[in-house]
Amino acid sequence: MDQKQDVLRLPAERLYEHELEALKQADKDTLPSGWKLSPKSVLTFITGGKAGGIDITPKYIGNRRLVEMAIATLLTDRALMLIGEPGTAKSWLSENLTAAIHGDSSKVIQGTAGTSEEHIRYSWNYAMLLAQGPSDQALIKSPIFRAMESGGITRFEEISRCASEVQDALISILSEKTLSIPELDRELSAARGFSVIATANTRDRGVNEMSAALKRRFNIIVLPAPSDIDTEVGIVRKRVGEISANYELNASPPDDDAVLKVVTIFRELRNGMTVDSKNKVKPPSGVISTAEAISLLTGSMALAASFGNGTITDEDVAAGLQGAIVKDEEKDRLVWKEYLENVMKKRGSSWRSLYNACSEMNG
């Protein structure tokens, strides 16, 4: 059996292995130190194009100039920070940039309230440490440590979820490109190509504010939410197709009408206004992002495959909408009911079936 089918989720460098190889073979430009592809080929990998007759699928649908700025940042001694609302593809862009540049996107630190300075620097196997003292064998290398050794890129996800003093452990690493290991009386100097791509959620502002000193070590790029409904529909349709193929769901992809309706509902609830700007809408308590729309439709495919005939119905979509929107039972149920009665119900016969299914689900 193909090994690629044995895992639930492939890293970008394996998922798009044939595209990366095609770009590598066709690449005639000079490669920066430690890079697998030239900057122009990295851009093609991210935004789409052709390489030796092979179609390169776009990984990020949005402002091309922002991608160029991100790539250019990684050519310098500056680290890169991608900031945006939930669902603006920060992590996806980070992973694919790392895959194209370094060929290994697995060096990841996931920022949480429990992330410690050891996760950023290094830690010890304490049984070995007690038995034989500090040694290379007892040293446990962090993703940043390993990236410095190999000249690779570390992805630091949701950096603002970490305590401020933990974040600041990065300052000397990003400034000096060295990591001190006093227990072994030596320093690790980063190989050429080393960098950090951090992501931060604008909803997390104020959780653990980054220090000015750390911010100065990053070039910050803000990724906007999809600017128009057509762009968002395209993103959702593309990602649902990719994810459902990976999960091997035995269901037909959602039709254009279903995708458009879900995206319309999400945009209106997110923006607090109907798409025609005629009516205000109360937003729910949770995040109504593009990523949530993708998850909703993928879940609808799973419902249709497992308990239907493989074709998504309005009942399948309604179940997904209920779960995505009603996160706070008391408040969100009323918000959703008001939207159904004041907006969806008035949209006529083409929305009637979905309205009925949603109303029944919301009780």
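Q: Which residues line the largest cavity?
A: The model is a predicted one, and a search of the whole structure finds 2 cavities of 30 Å³ or more. The largest cavity has a volume of about 60 Å³, and its lining divides into 4 nonpolar, 4 polar and 3 charged residues. The residues that line this cavity are Glu85, Pro86, Gly87, Thr88, Arg203, Ala225, Arg270, Val287, Ile288, Ser289 and Thr290.

Q: How do the residues of the lining of the second largest cavity divide into nonpolar, polar and charged?
A: The second largest cavity holds about 40 Å³ of space. Thr76, Asp77, Arg78, Ala79, Leu174, Lys177, Phe194, Ser195 and Val196 line this cavity. Taken by class, these lining residues come to 4 nonpolar, 2 polar and 3 charged.

Q: How far apart are the end C-alpha atoms of helix 5?
A: Helix 5 covers residues 90–102, and at 1.5 Å a residue its 13 residues should span 18 Å. The distance in the model agrees with that expectation, because the end C-alpha atoms of helix 5 are apart by 18 Å.

Q: Why is helix 5 described as largely enclosed by the rest of the structure?
A: A residue counts as buried when its relative accessible area is under 20%. Helix 5 is largely enclosed because the buried residues number 12 of the 13.

Q: Which glycine follows helix 5?
A: After helix 5 comes a residue whose phi is positive, near 80°. That residue is glycine 103.

Notes. Residues are numbered from 1 along each chain as its sequence is written. This is a predicted model: local features need pLDDT of at least 70, side-chain atom pairs count only at pLDDT 80 or more; totals for chains, interfaces and linings use all residues. Side-chain values use heavy atoms; hydrogens and water are left out. On a 1 Å grid over the protein atoms alone, a cavity is a set of points where a 1.4 Å probe fits but cannot get out, and a pocket is an open set with protein on both sides within 12 Å along at least five of seven lines; lining residues have an atom within 4 Å of a point. Grid points are joined across faces, edges and corners, and a volume is the space filled by probe spheres set on the points. Ala, Val, Leu, Ile, Met, Phe, Trp, Tyr, Cys and Pro count as nonpolar, Asp, Glu, Lys and Arg as charged, and the others, Gly among them, as polar. Helices (H or I, at least four residues) and strands (E, at least two) are DSSP runs, numbered from the N terminus. The expected span of a helix is 1.5 Å times one less than its number of residues. Buried means under 20% relative accessible area, exposed over 50%, partly exposed in between (1.4 Å probe, protein chains only).
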